[in-house]
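Subject: Structure handover

Hello,

I am passing on the structure we spoke about, together with notes on what turned up in it. Please have the model open while you read.

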Amino acid sequence: MCGNNMSAPLPAIVPAARKATAAVIFLHGLGDTGHGWAQAFAGIKSSHIKYICPHAPIMPVSLNMNMAMPSWFDIIGLSPDAQEDDTGIKQAAENIKALIDQEVKNGIPSDRIVVGGFSQGGALSLYTALTTHQKLAGVVALSCWLPLRSSFQQGPISGVNKDISILQCHGECDPLVPLMFGSLTVEKLKTLVNPANVNFKTYGGMVHSSCSQEMMDVKQFIDKLLPPVG
């Protein structure tokens with residue numbers, strides 16, 4: 001990815017216990033890796049679903065004084081009007097679309113794939129789902145925002161994902177990505193896709209993290225969208 005693809009470590013994977021007929025691709029937050037989320041999904045897995053938690057490439061991040069760390073794209077600031085890394089976001093979305101294509105080649109139809117992520121990873125999963133030509137089952141967007149939101153025209157998106165199911169979750173005490181960002185994001189999403197399919201859940205006392213109730217809500221959402229086949 002982004003020129004250092006050759007050295008990017010392979011994703012952390014929780015394999016299906018039997019033949020995988022569905023997949024979840026979940027993207028970690030800034031400075032993290034896929035390992036912790038793979039462990040989290042191992043705790044809520046279903047036997048026919050493969051869970052793929054890729055690792056972001058290492059790059060300098062403006063927000064953190066240009067220190068190099070795992071990041072899907074550059075983050076310049078965290079306010080709603082901060083400048084955004086237009087090129088980096090679009091390139092990162094193409095990399096995730098390539099991951100989806102790889103699973104389709106492995107025999108899992110794209111409409112049996114849920115994409116998701118936490119924080120920066122959640123932002124990228126939303127942007128990817130709203131710009132891809134691949135029909136997806138749904139999006140799990142945790143503690144995040146919609147990047148490049150002004151690039152979306154007024155009114156619903158055209159294309160295969162206009163009826164996509166979205167579960168958006170946010171901690172009510174998040175100091176990094178405030179709840180207001182989540183609320184603004186869900187309002188925007190409801191103008192872009194079928195609003196009946198957008199579900200927003202908040203968790204009292206939760207900061208910029210996850211909790212067991214949230215993970216159970218995530219499991220319920222994924223299992224409903226990706227039931228066993230045959």
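Start with Y51, which, leaving aside neighbours within four places in sequence, is in contact with A12, I13, V14, V24, F41, I44, K45 and S46. One thing to keep in mind throughout is that this is a predicted model. Y51 sits in strand β3, which covers residues 49-53. Its relative accessible area is 1%, under the 20% limit, so Y51 counts as buried. R18 is 33 residues away from Y51 in sequence, and the two C-alpha atoms are 13 Å apart in space.

On annotation, UniProt has an unreviewed entry that places the feature "domain: Phospholipase/carboxylesterase/thioesterase" at residues 11-225. In the model, that span is 32% helix and 21% strand.

Next, a pair of helices. Helix α2 runs over residues 86-105 and helix α3 over residues 120-131; they pack with their axes 9 Å apart, at an angle of about 75°. How are α2 and α3 oriented to each other, given that angle? Angles of 65 to 115 degrees count as roughly perpendicular, so α2 and α3 fall in that class. On the α2 side the contact is made by I89, K90, A92, A93, I96 and K97. On the α3 side the residues are L124, Y127, T128 and T131. Sorted by class, the contact of α2 with α3 has six nonpolar, two polar and two charged residues.

Side chains of opposite charge can pair when their charged atoms come close.

- D86 and K90 are four residues apart in helix α2, so about one helical turn separates them. D86 is partly exposed, with a relative accessible area of 35%, and K90 is also partly exposed, at 38%. K90 is one of the α2 residues in the contact with α3.

- E94 and K97: here the closest N and O atoms of the salt bridge are 3.2 Å apart. Both residues lie in helix α2, three residues apart, which is about one turn of the helix.

- D223 counts as partly exposed, at 24% relative accessibility.

M65 has phi near 55°, a positive value in a residue other than glycine. M65 lies in the loop between β4 (58-61) and β5 (67-70). Its relative accessibility is 73%, and anything over 50% is exposed, so M65 belongs in that class. L148 is not a glycine either, yet its phi is positive, at about 50°. The place of L148 is in the loop between β7 (138-142) and β8 (165-171). With a relative accessible area of 7%, L148 is buried.

The last item is L192. Helix α4 spans residues 179-192, and L192 is part of it. L192 has a relative accessible area of 0%, which puts it in the buried class. Which residues does L192 touch, not counting those up to four places away in sequence? They are L130, L146, F152, Q153, G155, P156 and I157. For F152, which is 40 residues from L192 along the chain, the separation between the two C-alpha atoms is 8.1 Å.

Regards

Conventions
Residues numbered from 1 in each chain as written. Predicted model: local features only at pLDDT ≥ 70, side-chain atom pairs only at ≥ 80, totals over all residues. Heavy atoms only, no water. Helix = DSSP H or I, 4+ residues; strand = E, 2+ residues; numbered from the N terminus. Buried < 20%, exposed > 50% of the residue type's maximum accessible area, 1.4 Å probe, protein only. Contact = heavy atoms within 4.5 Å. UniProt positions renumbered as here; feature names shortened; annotations may be inferred. Axes fitted to C-alpha atoms, helices over the stretch in contact; angles between N-to-C directions. Parallel < 35°, antiparallel > 145°, perpendicular 65-115°, else oblique. Nonpolar A, V, L, I, M, F, W, Y, C, P; charged D, E, K, R; others polar. Salt bridge = Lys/Arg side-chain N within 4 Å of Asp/Glu carboxyl O.
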